[in-house]
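Please look through the notes below with the model open beside them. They are in numbered points, one topic to each.

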Amino acid sequence: MANANKQLIIEKIKSMPDLPSPSESAIKIIRLAEDDMLSLSELENSIRADPAFSARLLRIANSGRKRLGGRPIISIKDALATLGLPAVRGLALGFSLMNTHRVGRCKSFDFNTFWLHSLALAQAFQTVSLSIKPAPRDEAFSVGLLANIGQLALACVMPEPYGKLLESTGIDQPLKLAEKERHSLGLDRWELSAELLKGWGIPSIYTEPVAMHRQPYIDIQNMSSRTFNLACALSLAADIADIIIYPSLRTPEKITELYRHGARLSLENEDLINVGNVVTQEWQEWVQLLGLKHDPDMSFSWVAEAYSDAHLLTKAVTNDSTGLTALVVDDEKLTQTQLSTLLTNAGYRVITADNGSQALKLCKSQMPDIIIADWLMPVMDGLALVREVRALTNVQQPYILVLTLRHEEDSLVEVFGSGADDYLAKPIHTMILLARMKAGERILLLQREASRLYTEMRDVANELSASNRRLQTLATTDELTGFPNRRYAMERIQQEWLASSRHSSALSCLILDIDAFKEVNDTLGHEKSDEVLKQVSKALRATMRAEDVVCRVGGDEFWIICPNASAAIAEQCAKRLREAVTTLEYSPLGKPVSISTGFAERSPLMEDPIQMIEAAHTALLESKHVARTGTS
């Protein structure tokens, strides 16, 4: 019933006239990019008609290329070949929504800050993807840019009720606000984002992580390896964006969260700092390009400072004594009463005991936060109480202050030797006592904060033992086909490129995709399209040379790395593959499955394997154009 109500809410929101939607020029680009038989020149001309989008597309295509060692891209045609059509669709959609929704009727919603955060999330997801490759970097940017679009939709279609939610929580408290969204609306912004992205043609491999990436605990067992990895990468990107945009979230809790999500992806502390610094730099360039207003304090530098100065992590720990319990142990009733009154007025919850034996019983039932004990008492004195308390295991140890009339050095050594944290000479001076209490309170809170952080890091380590097994599989293998994935493909082609350089041997790359694959997916659904991928993979596996490496790099696109292969050998290989696929006894659309291929051989003019891949991709697009029009 809950799911049915949620779906009704989603459909109602999607039907509202104020729902954010892309511009006409963006819609045209999106529709062209959805055409499997696309003429590259048609899409290129349509993009050129929008100079602003052209500039942003070139910037995305060049983002990260310097770190990968690639040459700059200066033409729209080369940008399209590099980015791929899914990324172009998402970018057209995201930048169009940004252009048309800089202001709105929801007075409490800061549209400028929303887009600042969305850009930071986009850049962070792209940079993380560049480091660990859970997704193609250019698709990652567009997914990150749109991951929070559900919040923009809520602010647009229901400005007054959503404005009240914002006023009660604030835009800089995303998790608290999401909890109120679920309570008031039946769903949160990320669930709505996922539904909107589905409607705009974003693949489900991205929409599922968008819906769940900000859940407190990502369910490892009920997710595929790739979906889990994408959700973790998006969670980490969201942490980075939060820290950059919202100073109020620069807390020990956020640092711990950053640790956890980074550890899930095998990113060490220094790696996280480097990623955050790169994100800040790239984000600032985007902000300037798009004309958004931002605060100079928006950066990731606080994390680096926190790593080098632990005191920064303690500034968020409260020093308010309200709620702390103080146990006063003294056999003199007058002193006991005076201390109780003084500490109660200072905000402590006070309990009392007449001697060490009574105090120890109280400690065993419920340990206080602070103990103030007189040294000389009947039955059990103060130092004996300290030793007994320190001997207790599996309890949270208190801060202990001993009252004494003795001032000689040996006596004070005995006090500290028993395990006490501090002492106070009698007669007691009120201001000195309260100052000692505040000092003890700070130490107590710091110790407990350190203990909490240690416990959380231990939980991270336990979680890693479960998740890393899945991440290892994801690092090299595509679950559906059993072929190596894009991450492995990029590493392997670099290796083969270096081997080709050392031995002066030939190297070719072949790229193929499945014809009418989108039609199968849209018409018959994911199960049928998955079966097509399995059947094609079976044909590829039976046809390839033993030394060739077949990788599924995303969707219906496969790369075949062909060591010691000239262009002529690659062409023969492509022909064998096409023939093998057409003989498959599987016709989901009533006609044989077929593939299109493009190949390229390494040439002296190529500086790196990326250029060889781009050349093969361009050849693939040209072969599809020839097949569609009959002209070269």
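1. C509 has a relative accessibility of 0% and therefore counts as buried, where buried means under 20% relative accessible area, exposed over 50%, and partly exposed in between (1.4 Å probe, protein chains only). This is a predicted model, in which local features need pLDDT of at least 70 and side-chain atom pairs count only at pLDDT 80 or more, while totals for chains, interfaces and linings use all residues. Residues are numbered from 1 along each chain as its sequence is written, and side-chain values use heavy atoms, with hydrogens and water left out.

2. How many disulfides does the structure hold? The count is zero, a disulfide being a pair of cysteine sulfur atoms within 2.5 Å. C509 is in no disulfide, and the nearest cysteine sulfur, at 7.4 Å, belongs to C562. Another cysteine, C363, is buried at a relative accessible area of 2%.

3. C562 is also one of the buried residues of strand β8 (557-563). Helices (H or I, at least four residues) and strands (E, at least two) are DSSP runs, numbered from the N terminus.

4. β8 belongs to an open sheet of four strands with antiparallel pairing, in the order β7-β8-β6-β9. Strands pair if DSSP finds at least two bridges between them. The edges are taken by β7 and β9, each with a single partner strand, so one side of each has no neighbour in the sheet. From one strand to the next the twist averages 20 degrees; axes are lines fitted to C-alpha atoms, for helices over the stretch in contact, and angles run from 0 to 180 degrees between N-to-C directions.

5. Which strands are joined to β8 by bridges? β6 is joined to β8 by seven bridges, and β7 by five; both pairs are antiparallel. L507 has P563 as its bridge partner in β8. C551 is paired with W559, and V549 stands opposite I561. β7 and β8 make a hairpin with two residues between them, and G555 in the turn has a positive phi of about 55 degrees.

6. Helix α27 (residues 526-543) lies across β6, β7, β8 and β9, at about 150 degrees to β6. Helix α29 (residues 609-629) also packs on the sheet, where it touches β6, β8 and β9, and its direction makes about 145 degrees with that of β9.

7. α27 has 18 residues and spans 26 Å from first C-alpha to last, close to the 26 Å expected at 1.5 Å a residue; the expected span is 1.5 Å times one less than the number of residues. Its buried residues are S529, V532, L533, V536, S537, A539, L540 and T543. An α-helix has 3.6 residues a turn, so residues three or four places apart point the same way. The face turned away from the buried side carries the exposed residues E527, K538 and A542.

8. What do the buried residues of α27 pack against? Their partners are β6 (507-514), α26 (517-524), β7 (549-554), β8, α28 and β9. L584, in the loop between α28 (567-582) and β9 (595-601), is in contact with Q535, V536 and A539, leaving aside its neighbours within four places in sequence; contact means heavy atoms within 4.5 Å. L584 is buried at 15% relative accessibility. Its C-alpha atom is separated by 9.2 Å from that of S594, 10 residues apart along the chain.

9. A further open sheet has five strands in the order β2-β1-β3-β4-β5, with parallel pairing. β2 (349-353) and β5 (422-425) are its edge strands, each pairing on one side only. Strand β4 (residues 399-404) runs parallel to β5 and is joined to β5 by four bridges; the partner of V402 in β5 is Y423. Helix α20 (residues 333-345) lies across β1 (325-329), β2, β3 (370-374) and β4, running at about 165 degrees to β2.
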